[in-house]
Amino acid sequence: MDVPTLVERARRGDPRAVARLISLVEDGSPLLREAMAALAPYCGNAYIVGLTGAPGVGKSTSTNALVTEYRARGKRIGVLAVDPSSPFSGGALLGDRVRMQDHATDPEVYIRSMASRGHLGGLSAATPQALRVLDAAGCDIVLVETVGVGQSEVEVAEAADTAVVLLAPGMGDGIQAAKAGILEIGDVFVVNKADRDGADATARELNHMLALGERREPGAWRPPIIKTVAARGEGIGEVVEALEKHRAWLGETGKLAGRRKARAAAEIEAIAVAVLRRRFGDLHGDSRLSALADAVVAGEIDPFAAADQLVEHA
Ligand code: GDP
């Protein structure tokens, strides 16, 4: 199938075309550029919600419950599960998102996992590209769930309009979260597994930590903390309300446009840097970079001048 046909079918909601386009992203296909150009006019309508948190807190279960809640509200939903820690596509971790099977046959729900870091610009470019496909396919909401851990978890959350950080009692999560820099990126906090002992304590600890870093200016967003039992769908309606509230706040303050612009800038930069790096030849160990490195080692040129030469001729 050629790219214009794929894009046309994806826009009409054909799940196979959507899947194929996301595969182009995952594989870093030579057709990707054409696909992105064709998709560009149809993007910007989906609202992107990121879900992040330590393995086992209940991200997958929560995503499933959120899909149920949004479907009840008549929304078309995309789910993108990204594994930032895996450079391979089709990882076993992602192949087995069993709890999403509830929605596997719903034509208004697109579920897709992506394990590859993409080829050009890495994960920071691959995620927004995949989101664009789901956006153009008419999704009202796209849930981006990170699977696996790593610093790039934050990167994935940053691809969202609203970032949800999940914790669960009894995992020392408060402290873990602070270490990973995740408190800073959370717009909405969820303490899941509220049916277990210690949920109140986790919520209190989190509240305390958020208060320490709180921004006091008037009109600032105060991230809510919501207790859920995702496994039973409890509290999920409240999470959706909080997401809607945050979305409204972003809109009223003009921050939604700001966030999206910052994301586009980061995406362009990631692609541009990847293109330059490729031209420098350091991926293949050949050419100009290698010659300049020899010259620096030999003391014929300093590294600043060498870098200037490299950039000038890139
Ligand atoms: P993820 O690794 O963050 O995606 O976590 P999962 O959604 O796979 O959930 C991890 C485990 O916690 C599974 O066995 C779930 O059934 C369980 N779980 C999820 N939500 C709840 C909850 O609200 N209460 C309890 N007790 N268990 C839950």
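What follows is an account of strand β5 (residues 162-167), continued into other regions of the chain.

Reply: The model is a predicted one, in which local features need pLDDT of at least 70 and side-chain atom pairs count only at pLDDT 80 or more, while totals for chains, interfaces and linings use all residues. Residues are numbered from 1 along each chain as its sequence is written, and side-chain values use heavy atoms, with hydrogens and water left out.

Helices (H or I, at least four residues) and strands (E, at least two) are DSSP runs, numbered from the N terminus. Strand β5 is mostly covered, with 6 of its 6 residues buried; buried here means under 20% relative accessible area, exposed over 50% and partly exposed in between (1.4 Å probe, protein chains only). Thr162, Val164 and Leu166 point one way from β5, whereas Ala163, Val165 and Leu167 point the other way.

Two strands pair if DSSP finds at least two bridges between them. One partner of β5 is strand β1 (residues 47-52), joined to β5 in the parallel sense over 4 bridges. Within this pairing, glycine 50 has alanine 163 of β5 as its bridge partner, and threonine 52 stands opposite valine 165. Strand β6 (residues 188-191) also pairs with β5 in the parallel sense, again over 4 bridges.

The phi of lysine 193 is near 60°, a positive value in a residue other than glycine. For comparison, most residues other than glycine have a negative phi.

Another loop residue is isoleucine 301, placed between α13 (287-297) and α14 (303-312). Isoleucine 301 is buried, with a relative accessible area of 19%. Apart from neighbours within four places in sequence, isoleucine 301 is in contact (heavy atoms within 4.5 Å) with Leu292, Ala295, Val296, Ala306 and Gln309.

The last region concerns helices. Axes are lines fitted to C-alpha atoms, for helices over the stretch in contact, and angles run from 0 to 180 degrees between N-to-C directions. The axes of helix α1 (residues 3-11) and helix α2 (residues 15-27) come within 8 Å and cross at roughly 125°. The two are therefore oblique, since angles under 35 degrees count as roughly parallel, over 145 as roughly antiparallel, 65 to 115 as roughly perpendicular and the rest as oblique. Leu6, Val7, Arg9 and Ala10 of α1 meet Ala17, Val18, Arg20, Leu21 and Leu24 of α2. By class, this contact has 7 nonpolar, no polar and 2 charged residues; Ala, Val, Leu, Ile, Met, Phe, Trp, Tyr, Cys and Pro count as nonpolar, Asp, Glu, Lys and Arg as charged, and the others, Gly among them, as polar.

Helix α1 also meets helix α3 (residues 32-39): their axes come within 10 Å and cross at roughly 45°, so α1 and α3 are oblique to each other. Val3, Pro4 and Val7 of α1 make the contact with Glu34, Ala35, Ala38 and Leu39 of α3. The contact of α1 with α3 has 6 nonpolar, no polar and 1 charged residues.
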